[in-house]
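Subject: Structure handover

Dear colleague,

I am passing the structure below on to you. My notes on what was found in it follow.

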Amino acid sequence: MEFLYGNLLQLDVRMIIMWAIGGLLIYLAIKKDMEPSLLLPMGFGAILVNLPNSGAVTQGAEEGVLNVLYNAGIANELFPLLLFVGIGAMIDFGPLLENPKLLIFGAASQFGIFFTLSLASLCGFSLHDAASIAVIGAADGPTAIFVSQWYASQYMGAIMVAAYSYMALVPIIQPPVIKLLTTKKERTIHMSYTQGQVSKTTRILFPIVVTVLAGLVAPRSVALVGFLMFGNLLRECGVLNSLSDTAQNVLANLITIFLGITIASQMQADKFLAPQTLMILGLGLVAFIFDTAGGVLFAKFMNLFLKKKVNPMIGACGISAFPMSSRVVAKMALAEDKGNFLLMQAAGVNVGGQVASVIAGGLILNLIAR
């Protein structure tokens, strides 16, 4: 009883607030089905590390298991890179290879990253922290982890929560932004899609060529792009189906579990509950909105010169939240016109955004020295 009483005396109101935040993440994961594979481990981990004298995190000379996992998997960028192998194995670049010009919409949708980088710097964050915060706009959790860890950002916990929360909130955030920037006439534009036959050789060469080009343009992106493309090569080569299945399922699920609960080691109340956390959440939302807006506005600009117009909504899919963003846009197109099927075009832009966001992260690493 004495030990229990001692722990209760060390209980801080900030810990209770973190329990509530952890509970909210668990609620969103279970009840709202928002990225449950990540939000649930993060939510439970937030409770785990905010118990008095928690054995899950380092206490004095006794190293906690979550700190061990953090040092083994995140401090050296191992977990996000391994997760990229699984993501690459899941992605079908077929729609993009059918229409390669869709890649430019993915590039245009990275505007919010660089806008937020400047804005965060003006808000008083160091250049390294500003770069880490800006990558939230890519809607790509592993890239955000990689960049923030590379720069040893002190706000990693808040950045991770923001990155994965906004990924989960794609169906809520994107539709109002898209509707604000487009007219009903633009949203009902039909785009033809003729499914050709992308050769196996093309599918195999694509991940290799992308890796080489990314390495020449942004050498720091080689690890990110390379692991993503290696996973895709496993998928497309046709002789390693068992490894591809393992990467898509066993590896991706296992790393996701460890990643989610390990991120929570950075969510201790004294680090997380600070005014900067709210600022990071706000700046992350700005990055996300401007990425969405950048893609839509670029599509509208392209329509000024195109005889065959594109539906500007597909520009919003240039963020890397795959396949959520493409599903949202396809659903919006059907709501405007039941005969307007945009899923394949939106998916092409979406996978292009996955590549573009990783390269954008690599460019930031190249431009800003550690």
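**Cysteines**

Cysteine 123 is partly exposed, at a relative accessible area of 38%, whereas cysteine 317 is buried at 0% relative accessibility. Here buried means under 20% relative accessible area, exposed over 50%, and partly exposed in between, with a 1.4 Å probe and protein chains only. The structure has zero disulfides, a disulfide being a pair of cysteine sulfur atoms within 2.5 Å.

**Basis**

This is a predicted model, in which local features need pLDDT of at least 70 and side-chain atom pairs count only at pLDDT 80 or more, while totals for chains, interfaces and linings use all residues. Residues are numbered from 1 along each chain as its sequence is written, and side-chain values use heavy atoms, leaving out hydrogens and water.

**Asparagine 340**

The loop between α19 (324-336) and α20 (343-367) contains asparagine 340. (Helices are DSSP runs of H or I, at least four residues, numbered from the N terminus.) Asparagine 340 is buried, at 1% relative accessibility.

**Threonine 143**

Threonine 143 sits in helix α10 (residues 141-150) and is buried at 0% relative accessibility. Beyond four places in sequence, threonine 143 touches Phe84, Val135, Leu224, Ser357, Val358 and Gly361.

Regards

Notes: Helices (H or I, at least four residues) and strands (E, at least two) are DSSP runs, numbered from the N terminus. Contact means heavy atoms within 4.5 Å.
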